[in-house]
Amino acid sequence: MHYQFPEHIMTDETAPQYKSPALAWISLALAVVAWVVLLISNGYAALALGLMAAVCGFIALPDRSTNARRIATTAIIAAIVLVIVLAAFLIVIKVVLDV
């Protein structure tokens, strides 16, 4: 007779692997830096940093702790708001006003 493990017991193959929350913190830092760069520099650099923050945040979402996912989600929201507002502003300035 062959013994089978119950479903609720985790083995080495089924145990979730721990991933560092560092990428979530990096995405949050990039989002904050993007907003600061917008205040002191030009919008193109802030747009690039905002896109990088959003990408890092999306990469940081899966297989992380709940707190790391919350940090990454916050960074994504902050970065996407910056990107949408700044892109709309730049489109209006460049296209509509022909500057």
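Helices H2 (residues 43–60) and H3 pack at about 150°, their axes 8 Å apart. Axes are lines fitted to C-alpha atoms over the stretch in contact, with angles from 0 to 180 degrees between N-to-C directions. Helices are DSSP runs (H or I, at least four residues), numbered from the N terminus. The model is predicted: local features need pLDDT of at least 70, and side-chain atom pairs count only at pLDDT 80 or more, while totals for chains, interfaces and linings use all residues. Residues are numbered from 1 along each chain as its sequence is written, and side-chain values use heavy atoms, without hydrogens or water.

The H2–H3 crossing is left-handed, meaning that the near helix is turned anticlockwise from the far one by less than a right angle. Contacts (heavy atoms within 4.5 Å) on the H2 side include Gly43, Leu47, Gly50 and Phe58. Their H3 counterparts include Ile76, Ile80, Val83 and Lys94.

H1 (residues 22–40) also packs on H3, at about 25° with axes 8 Å apart. The two are therefore roughly parallel (angles under 35 degrees; over 145 counts as roughly antiparallel). This crossing is left-handed. Among the H1 residues that meet H3 are Trp25, Leu28 and Trp35. Ile71, Ala75 and Leu82 are among those in H3 that meet H1.

The axes of H1 and H2 come within 8 Å and cross at roughly 165°. H1 and H2 are therefore roughly antiparallel. H1 passes H2 in a left-handed crossing. H1 residues including Leu30, Val33 and Val37 meet H2 residues including Leu49, Met52 and Cys56.

Ile91 lies in H3 (residues 66–96). Together with Val92, Val95, Val96 and Leu97, Ile91 makes a nonpolar surface patch of about 470 Å².

Terms used:
Patch = residues over 30% accessible without salt bridge, like charges linked within 9 Å, V, L, I, M, F, W, Y side chains within 5 Å. Areas by Shrake-Rupley, 256 points an atom, 1.4 Å probe, with all protein chains shown as cover. Salt bridge = Lys/Arg side-chain N within 4 Å of Asp/Glu carboxyl O. Parallel < 35°, antiparallel > 145°, perpendicular 65-115°, else oblique.
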